[in-house]
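Hi,

Here is the structure I promised to pass on. Have a look at it first, and my notes follow below.

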Amino acid sequence: SHLGWIVATIGVGTPFAIAAALVHTLAHALFKSSIFMLIGVIDHEAGSRDIRRLGVLWNKMPWTFGSMLIGAASMAAVPPLFGFVSKEGMLTAFEGAPLSNTGVVILLTVAAIGAIGTFAYSARLVFGAFVDGPRNVDHITEAPISLWLPAAIPGVLSLPAAFAAGAILNRPLDRVADTVG
C-alpha cells in the first residue's frame, strides 16, 4: 500500500508531490527496514515469526516490543512520527492534484481507505506478535542488545526525523523537485 501511495503521489506531478513522495520513501525505508529486522529478532528468540504461533511477548521482549511499536506506529502514520509527517505531505499533494474536484475527492477517498488498512495491519502486527497468542513463552527472553538495537535504530529515528525533516530535507528536496520539473 505504501508503494501505491508513493506512485500515486508521483503521478500528481507537481514539485510538491515529488518532494512528498521522496519524503515518504525515506520514512518508508526507516520504519519498514526496522520492522523487518525486528521480526527477525522475534523469529530468532521465539523460533517463529508466525503470529498465529506466538504467545504474549511484550513482557518477555520489552525492548523489541517498544521498538516494534514505534516502527508500526510510524507505518500507521501516528503523530508525531515521521510516517505521519510524510503521509500528511502526500495527502496535501493529493489535495493540490491537477484534477477536477471529483477526481481529488476520489483520490483522497482511496487514500483514506488505504490509510485505514495500514493502521489495521500495523495494529495486527503489534497485537499478534506481542499481546496475544496461544503459545507458552516462559522460556523466551529479550534478545541481546547487539541483535535488537541495530534493528530498532531505523524505526526509532522516526521520532527525531519528524521534527528535523524540514531543516534537513528542504534544500535537497527543492533540488530534486527543480530537476524533475
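**What I found**

Just past the end of helix 3, Ala77 adopts a positive phi of about 65°. Please keep in mind that this is a predicted model.

Helix 3 itself covers residues 62-75, which is 14 residues. From first C-alpha to last it reaches 20 Å, close to the 20 Å expected at 1.5 Å a residue. Its buried residues are Thr64, Phe65, Ser67, Met68, Gly71, Ala72, Ala73, Ser74 and Met75. And what do the buried residues of helix 3 pack against? Their partners are helix 1 (2-12), helix 2 (15-46), helix 4 (82-95), helix 5 (101-131), helix 6 (145-156) and helix 7 (158-180).

Two of those partners, helix 1 and helix 4, also meet one another. Their axes come within 9 Å and cross at roughly 40°, which makes helix 1 oblique to helix 4. The crossing is left-handed. On the helix 1 side the contact involves His2, Trp5, Ile6, Ala8, Thr9 and Val12, and on the helix 4 side Lys87, Met90, Leu91, Ala93 and Phe94. By type, the residues of this contact are eight nonpolar, two polar and one charged.

Is Thr118 buried or exposed? Thr118 counts as buried because its relative accessibility is 1%, and the cut-off for buried is under 20%. Leaving aside residues up to four places away in sequence, Thr118 touches Ser1, His2, Met75, Ala76 and Lys87. Among these, His2 and Lys87 belong to the contact of helix 1 with helix 4, and Met75 is one of the buried residues of helix 3.

Enjoy exploring!

Definitions and conventions
Residues are numbered from 1 along each chain as its sequence is written. This is a predicted model: local features need pLDDT of at least 70, side-chain atom pairs count only at pLDDT 80 or more; totals for chains, interfaces and linings use all residues. Side-chain values use heavy atoms; hydrogens and water are left out. Helices (H or I, at least four residues) and strands (E, at least two) are DSSP runs, numbered from the N terminus. The expected span of a helix is 1.5 Å times one less than its number of residues. Buried means under 20% relative accessible area, exposed over 50%, partly exposed in between (1.4 Å probe, protein chains only). Contact means heavy atoms within 4.5 Å. Axes are lines fitted to C-alpha atoms, for helices over the stretch in contact, and angles run from 0 to 180 degrees between N-to-C directions. Angles under 35 degrees count as roughly parallel, over 145 as roughly antiparallel, 65 to 115 as roughly perpendicular and the rest as oblique. A crossing is left-handed if the near helix is turned anticlockwise from the far one by less than a right angle, and right-handed if clockwise. Ala, Val, Leu, Ile, Met, Phe, Trp, Tyr, Cys and Pro count as nonpolar, Asp, Glu, Lys and Arg as charged, and the others, Gly among them, as polar.
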